[in-house]
Amino acid sequence: MAAIPVYPWRLAPEGLATRRQLREKGLRPGGQDVAAQLERPRRRRGPLVAYLYSIELAKPVRPMTPAKWASLAKANAARRRCPECGRDAGYVIPPSLGTCVTCAYPEEQRAA
């Protein structure tokens with residue numbers, strides 16, 4: 001396995017992009033290997049690393065199908081439903097609470 005080239009932060013050559021930059025252009029890596037990496041030095045810790053992919057080998061992002069949209073809507077609805085009382089909380093229930101605020105702090109709700 002050959003070593004991949006490493007470039008300093010903000011000095012990558014043209015034709016290479018990170019996953020996020022590819023996504024902004026409507027592309028995805030499409031199974032290609034990492035072409036290079038960027039390193040940004042930090043104090044007291046190891047460098048930040050960003051992997052780069054070839055823009056020429058990137059493929060277009062797959063479009064969302066109606067089934068994928070339906071699945072995503074169902075998953076988001078499940079994140080809003082309180083397991084304690086079964087109501088739609090109107091917001092994504094925090095994992096730290098595990099239930100809606102009303103069920104997590106019932107004594108505060110009665111006082112209000």
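The chain exposes about 8,900 Å², of which carbon and sulfur atoms supply 54%; accessible areas come from the Shrake-Rupley method with a 1.4 Å probe. This is a predicted model, in which local features need pLDDT of at least 70 and side-chain atom pairs count only at pLDDT 80 or more, while totals for chains, interfaces and linings use all residues. Residues are numbered from 1 along each chain as its sequence is written, and side-chain values use heavy atoms, with hydrogens and water left out.

**Overall form**
- The radius of gyration, taken over C-alpha atoms, is 22 Å for the chain, whereas a compact globule of 112 residues would have one near 13 Å; the globule rule is 2.2 Å times the number of residues to the power 0.38.
- The C-alpha trace of the chain spans about 65 × 45 × 25 Å along its principal axes.
- Of the 112 residues in the chain, 16% are buried, meaning under 20% relative accessible area with a 1.4 Å probe and protein chains only.

**Elements**
- There are 4 helices and 6 strands in the chain, counted as DSSP runs (helices H or I, at least four residues; strands E, at least two).
- Starting at the N terminus, the order of the elements is β-β-α-β-β-β-β-α-α-α.

**Lining of the largest pocket**
- β2 (16-17), α1 (19-24) and β5 (48-54) each contribute at least two residues to the lining of the largest pocket.
- The lining residues of the largest pocket comprise 10 nonpolar, 3 polar and 4 charged, where Asp, Glu, Lys and Arg count as charged, Ala, Val, Leu, Ile, Met, Phe, Trp, Tyr, Cys and Pro as nonpolar, and the others, Gly among them, as polar.

Notes. Buried means under 20% relative accessible area, exposed over 50%, partly exposed in between (1.4 Å probe, protein chains only).
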